[in-house]
Amino acid sequence: MMIKKSIFSLALLTISSLGIAQERLYTPKNAHAHNDYEHPIPFLTAYYRNFGSIEADVYERNGKLLVSHDEKDVVPERSLEALYLRPLKKVIQKNGGTAYKNSHDTLQLLIDFKTVGVPTIKALVAILDKYPEISKNPTVMVVVSGDQPAAALWSQYPAYIHFDGKRSLQYTPAQASRIPMYSEDIKAFTNWNGKGIIVKAEKDHIQHWIDSVHTAGKKIRIWGAADNVNTWKTQMNMRADYIGTDKVELLSDFLTNRASLEYKGTTAPHAIYKARYVNNDSMGTVNNVILLIGDGMGLTQIYSGFTGNRGALNLLQMINIGFSKTYSSDSYITDSAAGGTAMATGHKTNNRYIGVDATGMRLPAIPDILAPFGVKSGLISCGDITDATPAAFYGHANDRSEEDAIAKDFLSSPVDIMIGGGAMHFNNHLDQLKEKGYGFSSHFDDIDTIQSKRWLMLTPTAELSMLKGRGEFLTRSLQKTIRTLGNKFFIMAEGAQIDYGGHANNLPYVVTEMMDFDEAIGAAMQFADEDGHTLVIVTADHETGGLSLLDGDISKGQADGNFSSNDHSAVMVPVFAYGPHSLEFRGVYENTEIFEKIIRLLKR
């Protein structure tokens, strides 16, 4: 017998390198409802959130099992039958015989004995015998924890009774076959409070135990840990099988949205242009300005792109950096209409207003002001060109939703080139555009063959996300616009869909859009170095999503995020500048100052 015990113990101490390398997908089936009975609706609150494990503490009283964490709170009405077994039987019947509807996944019912093991398990068996829908159901696993009977007695109990393994004990192979899971108090390894990271030696100790238990084919549950996102993520990184919580709704949302909140480094990193800083700190002549607006781009969006691109961004080579205050005339938190108008016209305005001040008075935008000075203009967006940010550079409306009217405003704009989506808004104006000398195409494949000096490309390609195949639209559009406009120009190019990803609370969307935007930044920087008289400005109209980064691996391009909102936030956004006069963009200032600086430099 001792030889068998030693063999099993040795197996527990063997680390499986294969298991360590495997990556697992966490869902609410990996969630454990600790102290579940303390919820207003026990069992069903966690069950309808698809939790894979639900816990009930029980006290044996005259053959009944009463549910409570503390003995003083035991009351006859709160029995295991009333709170758990009857509701479970009902949902099994409703599901046609399985714990979960249309699924053969297993629901674990963890019953923690607070009273002496033998009489408590005797009462449990007697009760469960009345519920064959549960006890004989292959999709339900009843696991006894707490004050269990001695392992030597386990063979006396029905096979449907399983036991929670204890790290301090050794088991025979027969006993081990009754153990689906090992549970342990985190304080047996560390006094970590759930903030920051676990001390390496302590973490290694925990990991060694987890890996050895996995090698034996068993699952892991760690209890006693702090109940927060950082702790959940730490346990996931260590491959714990069940994440315990008292915060059922929060953990359910966290695990349900893993695919949207984790970026796995699936997009190949792009090459970085090596900055030469030609005239970067000079105060010489500026002939051209390229304004790159990352819609919704805050510091965390930038850092998520840095992570996704394996620790490198063109943007982060820029050394002249400031911050822009983004509030609008009527709101602490701006929208893209007011944010875009501030940069395009130099005036704060109300949210939803396009190219007008807070009273509704029309305002000239940068292209209008600079055209008399021989400055040509181009507008690019990887989104609808009548949407708020690009619209602010040629349109005028009291509501950003007036897209057809905004498109009509383009007929009186001096902008030479416009590239983006939203062709339907211009269908009624194509003849007039041709009369004004504009070429027109809806096919992005035409980008390199257009010969006209004034043209519109309004293509569905612009409206695709990077995840859905937009490709090099933004960079190629910028390069073509630069070649067409020649010398003395203003270009606004928008990375519109960084914002879309923030609104969708989708980190892979944000990361891939940020990486694409950075490729365009690299192309602008390269042209600025070659030209010597081009200023590149990179900023945002606002941040979107209240994104925070919980975890990541730069070497693998992996990041894990959390969004506090599906809308904009009020935080300041960075302003990066490269080329002559880039020094002027240091400091903290109103978003309207970006307009003032551009006009001052080009109106010469």
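Student: How many helices and how many strands make up the secondary structure of the protein?

Tutor: There are 21 helices and 24 strands. They are DSSP runs numbered from the N terminus, with at least four residues of H or I for a helix and at least two of E for a strand. This is a predicted model, where local features need pLDDT of at least 70, side-chain atom pairs count only at pLDDT 80 or more, and totals for chains, interfaces and linings use all residues. Residues are numbered from 1 along each chain as its sequence is written, and side-chain values use heavy atoms, with hydrogens and water left out.

Student: What does the C-alpha trace span along its principal axes?

Tutor: About 95 × 45 × 40 Å. The protein has 604 residues, and 57% of them count as buried.

Student: Why is Ser252 called buried?

Tutor: Its relative accessible area is 2%. Buried means under 20%, exposed over 50%, and partly exposed in between, with a 1.4 Å probe and protein chains only. So Ser252 is buried. Ser252 sits in helix α10, residues 248–256. It touches Pro28, Arg49 and Phe51, leaving out residues up to four places away in sequence. Touching, or contact, means heavy atoms within 4.5 Å.

Student: Is Ser336 buried or exposed, and how do you know?

Tutor: Its relative accessibility is 3%, so Ser336 counts as buried. This serine belongs to helix α13. Residues up to four places away in sequence aside, Ser336 touches Asp295, Thr341, Ala388, Thr389, Arg400, Asp541, His542 and His568. Now take Ser336 and Ile599, which are 263 residues apart along the chain. Their C-alpha atoms are separated by 21 Å.

Student: What share of the contacts with a separation of 6 or more joins residues 24 or more positions apart?

Tutor: In this protein, 70%.

Student: What makes Asn62 exposed?

Tutor: Its relative accessible area is 83%, so Asn62 counts as exposed. Asn62 lies in the loop between β2 (53–61) and β3 (64–67). Its phi is positive, about 55°, although Asn62 is not a glycine. Most residues other than glycine have a negative phi.

Student: How do you know that Asn102 is exposed?

Tutor: The value for Asn102 is 74%, so this residue is exposed. Its loop runs between α4 and β4 (107–113). Asn102 is not a glycine, yet it has a positive phi of about 55°.

Student: Which members of the largest nonpolar core touch the most other members?

Tutor: They are Ile54, Leu80, Tyr84, Leu124 and Ile161, in a core of 66 residues. Helix α4 (residues 80–94) gives the most to this core, with seven residues. A nonpolar core is a set of buried Ala, Val, Leu, Ile, Met, Phe, Trp, Tyr and Cys residues joined through side-chain atoms within 4.5 Å. Leu124 touches Leu65, Leu80, Ile111, Phe113, Val142, Val144 and Ile161, again not counting residues up to four places away in sequence.

Student: Why are α12 and α20 called roughly perpendicular?

Tutor: Helix α12 covers residues 299–308, and helix α20 covers residues 507–531. Their axes come within 8 Å and cross at roughly 80°. Axes are lines fitted to C-alpha atoms, for helices over the stretch in contact, and angles run from 0 to 180 degrees between N-to-C directions. Under 35 degrees is roughly parallel, over 145 roughly antiparallel, 65 to 115 roughly perpendicular, and the rest oblique. So α12 and α20 are roughly perpendicular to each other. Gln301, Ile302, Ser304, Gly305 and Gly308 of α12 meet Leu507, Val510, Val511, Met514 and Met515 of α20.

Student: What makes α13 roughly parallel to α21?

Tutor: Helix α13 (residues 336–345) and helix α21 (residues 592–602) pack at about 25°, with their axes 6 Å apart. That angle makes α13 roughly parallel to α21. On the α13 side, the contact is made by Ala342, Met343, Ala344 and Thr345. On the α21 side stand Thr592, Ile594 and Phe595.

Student: Why are α9 and α10 called oblique?

Tutor: Helix α9 (residues 229–237) packs against α10 at an angle of about 50°, with the axes 11 Å apart. The two helices are therefore oblique to each other. Val229, Trp232 and Met236 of α9 contact Leu250, Leu251, Phe254 and Leu255 of α10.
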